[in-house]
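Subject: A structure for you to look through

Dear colleague,

I am handing over the structure below, and I would ask you to keep it open while you read my notes on what was found in it.

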Amino acid sequence: MISAASEHGHLIQSLHMFVFTCDDDDALNESEVNGNWTPQEKALHEARLKAKAKRRLRKSSSRNSTSDSFSESGDMGGVDPHSPKSKVLPNDRKSRMGKGRGLPKKGGAGGKGVWGAAGMVYEVEEPDIRDPNYDESSQGDTVYAKVVPEIDEKELEKMVNPIVQEYFEHGDTKEVELLLKELNLGHHKYEFSSMAVSLSLEGKASHRELTSRLLSDLTNKMMSQSEMARAFDKMLKELPDLILDTPEAPLVSQFIARAIADHVLPMSFLDCYKGKVDCEHARVALDRATVLLSMKKEVVRLDNVWGVGGGLRPVKHLIKEMNLLLKEYLISGDVAEAERCLRDLEVPHFHHELVYEAVVMVLEASGDNAGQMMMKLLQSFWKSGLVTIDQMNRGFQRVYDELPEISLDVPHAHTIMEGFVDLCFQEAVITKQLRDACPSRGRKRFVSEGDGGIIKN
């Protein structure tokens with residue numbers, strides 16, 4: 001009976017152990033909830049908790065010992081470097097040599113593509129136009145600047161020639177200065193002066209006078225004395241070739257003298273060439289300039305170096321020139337020379353003054369010879385087209401208007417005027433309308449004092 005009972009007890013105990021092993025935590029939890037644990041079950045549960053705690057402690061201790069070995073000795077500590085756990089990811093900031101604590105370098109302030117340490121103040125950076133993220137519309141107001149490219153040497157002549165030719169028409173140096181500022185002449189700036197002088201040598205005396213004034217006004221505004229000296233030096237070197245194209249090229253000496261007098265060129269310009277010139281034409285030009293300066297050393301400006309200045313000269317000077325022209329003609333009788341002198345004056349708008357002075361000379365002259373000579377001179381001017389019909393009419397009309405005043409000095413002015421007008425009309429110098437406009441002073445001539453007022457027809 002005892003053995004059967006003991007076997008029954010052992011069977012029951014093993015059955016309890018089997019059930020506890022299979023149900024595991026669920027059975028224990030149910031027993032804990034029901035509160036009917038046996039001492040054996042309670043002891044087994046405590047043993048399982050202790051074993052679980054030991055496993056956790058073992059895992060954590062092994063992890064800490066591995067990291068310490070990495071940081072202190074650099075040894076892998078028996079870890080296989082080829083294992084998946086030992087491989088370093090590309091973006092991992094931990095040391096690939098197994099050193100360090102795995103923290104970012106410089107506290108997160110270093111490296112590529114980082115913002116820097118906290119609290120760091122950055123300077124304002126200018127936007128880069130080459131940046132792919134550059135946005136022009138977000139940069140505020142856009143300022144556009146006009147960039148003028150430097151003129152090529154081949155295009156320089158095409159740009160300068162129209163400016164100089166137009167200047168010969170209007171004579172405004174400020175207009176030329178404004179046009180030159182719009183052009184980017186660059187290091188070819190000095191060539192403008194040499195081109196202007198070359199073009200004036202191909203033209204008239206008035207063009208040379210205008211060119212001298214232009215060089216004087218541009219000095220120290222657009223060009224310096226050294227640049228002007230460089231331009232004249234170039235002209236002296238090219239003088240032999242310039243003479244072949246322009247017969248007036250030797251007049252460069254007068255340009256040099258006028259430029260030195262106007263302080264366009266330095267006073268030592270001629271001294272730099274003494275004994276250093278091999279070209280015969282350049283030597284003659286420099287010697288001529290020296291002579292002109294020695295003759296006019298007391299004159300600040302060589303205003304009359306070109307002889308005439310066109311309509312830019314004062315009216316009184318033009319009247320004086322025309323009077324001298326007519327007086328020389330009355331002495332010599334050379335119509336061709338008088339015509340040449342009138343053309344050189346280059347004042348076609350002022351030819352009516354010549355007609356006026358010629359008619360007044362006829363009224364003031366004593367004899368018929370002056371009337372005949374002046375008629376021939378005006379006839380030559382009329383036929384050659386040098387004096388237009390408008391200028392001829394204006395000259396005679398001025399005499400008609402001033403005839404009462406002229407009669408105070410010349411009592412027979414009306415009679416002489418009528419005879420000269422008839423002569424000019426017969427030779428087709430003036431029109432019939434102009435002849436009829438000539439004033440006549442009618443005089444009552446009596447037969448005698450005792451005729452009782454009978455008027456002689």
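Arg213 is partly exposed, with a relative accessible area of 30%, where buried means under 20% relative accessible area, exposed over 50%, and partly exposed in between (1.4 Å probe, protein chains only). Before going further, please note that this is a predicted model, in which local features need pLDDT of at least 70 and side-chain atom pairs count only at pLDDT 80 or more, while totals for chains, interfaces and linings use all residues. Residues are numbered from 1 along each chain as its sequence is written, and side-chain values use heavy atoms, with hydrogens and water left out.

The side chain of Arg213 meets that of Glu209 in a salt bridge at 3.0 Å, N to O, a salt bridge being a side-chain nitrogen of Lys or Arg within 4 Å of a carboxyl oxygen of Asp or Glu. Both residues belong to helix H7 (residues 205–218), and, being four residues apart there, they are separated by about one helical turn; helices (H or I, at least four residues) and strands (E, at least two) are DSSP runs, numbered from the N terminus. An α-helix has 3.6 residues a turn, so residues three or four places apart point the same way.

Glu209 is buried, with a relative accessible area of 3%, and Glu209 also forms a salt bridge with Arg258, where the closest N and O atoms are 3.1 Å apart. Because Glu209 lies in helix H7 and Arg258 in helix H10 (residues 252–261), this pair ties together parts that are 49 residues apart in sequence. Through shared partners, salt bridges join Glu209, Arg213, Arg258 and Asp262 into one network.

The structure holds 14 salt bridges, and another one of them is formed by the side chains of Glu191 and Lys234 at 3.7 Å, N to O. Glu191 lies in helix H6 (residues 191–201) and Lys234 in helix H8 (residues 225–237), so this pair ties together parts that are 43 residues apart in sequence. Glu191 counts as buried, at 5% relative accessibility, whereas Lys234 is partly exposed, with a relative accessible area of 22%.

Which residues of H17 are buried? They are Ala413, His414, Met417, Phe420, Val421, Leu423 and Cys424, and what covers them includes helix H14 (351–364), helix H15 (369–384), helix H16 (389–409) and helix H18 (432–436). H17 is followed by Ala428, whose phi is positive, near 65°.

His351, which is placed in helix H14, is buried, with a relative accessible area of 3%. The side chain of His351 reaches the backbone oxygen of Leu386 at 3.1 Å. Not counting residues up to four places away in sequence, His351 touches Leu342, Leu386, Val387 and Gln391, where contact means heavy atoms within 4.5 Å.

**The protein as a whole**

There are 18 helices and zero strands in the protein, and buried residues make up 33% of its 457 residues. Among contacts between residues at least 6 apart in sequence, 68% join residues at least 24 apart. The accessible surface comes to about 31,100 Å², of which 53% belongs to carbon and sulfur atoms; accessible areas come from the Shrake-Rupley method with a 1.4 Å probe, and for residues only the protein chains shown count as cover.

Note on methods. A polar contact is a pair of N or O atoms within 3.5 Å; within protein, one must be able to donate a hydrogen and the other to accept it, and residues adjacent in sequence count only if both atoms are side-chain atoms.
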